[in-house]
Amino acid sequence: MPQDANTASQGKAQPRPKARPNAVSWPLFTTPQPIKRLFDKFPLYTYPPNELPERTAQHRDQNVLYLFTGDDGAHRGLPSFNPGCLKWQAYLKFRNIPFVTVSSNNHASPNGALPFLLPASSSASPLDVPSPVSSQRIQRWTQDTIAKRKGKKNSSNLSNEELKHEEPGAEATPLTEDSTRSDPSDMRYEAYLSLLDHRIRNAYLYSLYLAPLNFNAVAFPLYIAPSTTNTLVRLSLAHQLRAAAEGELTKQSPRIDVEAIYQGSDKAFGALSELLGDEDYYFGERKPGLFDASVFAYTNTLLDEDLGWRDFRVVDGLRRYSNLVEHRERIFEAYFE
Amino acid sequence: MADPLDSGDDIFGKLQKGVDPKIQEEKDKLRNEREHAQYEKARRRLGELIQDNSTLPTTISSIRVIGAPNTRKSFLERIFNPILSVNHDRPYTLAEAIREVSIGADKLNRLDIFHEPISLYLDRPPKTDPSTTPTDIDIYLTVREKSRILLKTGTSAGNGEGEAYTNLLLRNIFGGAESLSVNASLGTRTRSAYSASFESPILSNPSLRLELGGLASSTQKTWSSHEEVLRGAWTKLRYLTPNGSKHELAYNAIWRQITSLSPSASPTVRHDAGDSLKSSLTHTWTLDLRDNPMLPTRGTYTRSLLELAGWGPLVGDVAFAKTEIETQAATPVPIPGLNGISFTTGLRAGLLYPLSLNRESKPRPSRINDRFSLGGPTDVRGFRLSGLGPRDGSDALGGDIYYAFSTNLLFPIPRVPLDTPFRFQAFITGGRLLALDKKGANQNEKVGNAVRELVGNGWPSVAAGVGLVYAHPVARFELNFSLPLVVRRGEWGRKGVSFGVGISML
């Protein structure tokens, strides 16, 4: 597709420099200078561009985070009901990155999954479009943005080390480029992260999509109903969604053992509670980091009473650890109210 | 591999090869000629007979259709029973009787289940039969049924797209000229397309047909950085009026999915990504009075389309009224000493008027897959596919209102006979494609402002060029050299040579 854009731009009103290398690599097809000069006269007249249609993206001058949320929720900046989205929504808030949220769906994403971030466009012209930042790259993008902002503020060169020091959680995630450290604390960090990414996520997936009570009460109105009003299409989407969840769970073990899944999440919450202890945020930091965002993403979604959970198996497992519940409330009050 | 028998003489080889295609061709030709001669003779005899006896009182006592073992009797009865004299209170003249039967035979022809020609014989019933009257005639129609299964596979290329396809046609399935057509194709732009449609004449009337169909397809729309996946079904009622205009009334329910966005997709396309269901009623009216649809030299063509989606009981996820009109006129240019020059001109225009869905007070603005697109070799030549209209980044977004025109002057090619389907052409094409004005206070103001911009703001986007036209019976091929003259910033003109294939070209 980029190839197509390249060739197409040769015929554009304003040829892009990108198209040139093509002409150079094919000396046979270069147009003779006099003809090229004649061609360059066309089009003879160029008017200003056409206006965009009404149904288009707003907030082009701001950073926009596309995530699962209701239209009203997007407008008010409420936390997303999807843990994967909420993690990055919370993280951006922790890092003081200004952004607005927009309700979207997976089809819109550059990598097939929400969230993604569309950085503010520097130019006002709709012909200049910034490229989207997928969730895997949001952390990196945030660091770069903060570095740029710092650089502007006191024009002193912050070393990379200092930057990383400022973000303890970020430092060791497997998302950063070099995850080949063997520091014992990093290994511990990764072990805790895998509790979230596997045990808690599995229980969450099972309880949301495969437990019938919750699917109809929570997943259906949140994920399927907004896509379409048509019953047949909704049924088809519901089927796809449940099949995807099932596929995700059977990827790890061929048989879905419900009891084991729930016990796994209970234990994982216990371990996370122990790790947090009496601190406000994980790893004794004064400000929450990426790990706090990851935990908050699940705890907030599970403890949000507005979502209308009907099967409380996972939620009950979480409620037993009051410091996790308080951790969630602390973040909610500080960043989402 | 050497087989002693085979190498000895090639009799086996010859047998294995089957009939020499040349001989077969010769045979077919002879047979055709024979059939044709027979047909001609019968026609002449009939002509003489009718002339001599045109006012002879006649009653049709029976009509026999011979050679239609797979066609239902009741189906044929519905065509021929009304003609039988038993069902008439007064006798025909012979001329009238022949005319009535010809109308019936013509109906058989148009059902597309019999080979042409259908032969017609008249006979007098034996006088010995006490039940007959002296005015009685019997009618024999000899037909040959077309093959009931037709399988076609092939590849094709054009408009920057290549594809491979399979087409299965089952004819006369239940003996009532019902047909089932199943298509599957894989291509570079239309990644995959599967469709099936079942069509049947209503009450044995070839001019009135009902069609039920469904499709599943996935098409890459590189000009707006996405892939559109469609799944849907339709039902159509087609009616051909005696004066040749075609009406088509359809209900469509289509689930559209905008997905697989390219990394450079614009915010507008990202905003429109996802699912939507279109539930719509359409009416299409076509009147084609051109002498040749692919290379017209005389006559006019008119087509109008009305689509109503999501309104009232139609529900669905999108609501709008869409109207589109297309006309073309062709006329020969009389220049003494220069034969075969013709001038064609075409105009298309359309408007999408957003409506409000049930229980919503405000109309929903249009989506990218409902808006019109313009530009490319089949409409505004000299522009890229969807090269006209609003653009976000590199994505064509389409518009809610448009017009496009084309004027072509066609010349015969020197030393190429006039009856070959090759012509030179010189053309000027142009148009404008706009979104409704966002700033309007209400829907009518939005449309009004857009109309003012459409016709009031300077020249339309225009391109001009020359080229070569080849009019194949099923599609028109063009090789053009063109240059854009007037564009809007962001619109994608096309300088130089381009190739186009189209069935309906502006």
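**View 1. Helix α4(B) against helix α5(B).** L76(B), I79(B) and F80(B) of α4(B) touch G104(B), A105(B), K107(B) and L108(B) of α5(B) (contact: heavy atoms within 4.5 Å; helices are DSSP runs of H or I with at least four residues, strands are E runs of at least two, both numbered from the N terminus). Five of the residues in this contact are nonpolar, one is polar and one is charged (Ala, Val, Leu, Ile, Met, Phe, Trp, Tyr, Cys and Pro count as nonpolar, Asp, Glu, Lys and Arg as charged, the others, including Gly, as polar). The axes of α4 (residues 73-80) and α5 (residues 94-110) of chain B come within 9 Å and cross at roughly 135 degrees.

This is a predicted model, where local features need pLDDT of at least 70, side-chain atom pairs count only at pLDDT 80 or more, and totals for chains, interfaces and linings use all residues. Residues are numbered from 1 along each chain as its sequence is written, chains are lettered from A and ligands numbered from 1 in the order written, and side-chain values use heavy atoms, leaving out hydrogens and water.

**View 2. The open sheet of chain B.** Here four strands follow the order β2-β1-β4-β3 with mixed pairing (strands pair if DSSP finds at least two bridges between them). β3(B) and β4 (residues 136-142) of chain B run antiparallel, joined by five bridges. Look for Y121(B), whose bridge partner in β4(B) is Y140(B).

View 3. E51(A) and K439(B) meet through their side chains at 3.7 Å, N to O (salt bridge: a side-chain nitrogen of Lys or Arg within 4 Å of a carboxyl oxygen of Asp or Glu).

Key
Axes fitted to C-alpha atoms, helices over the stretch in contact; angles between N-to-C directions.
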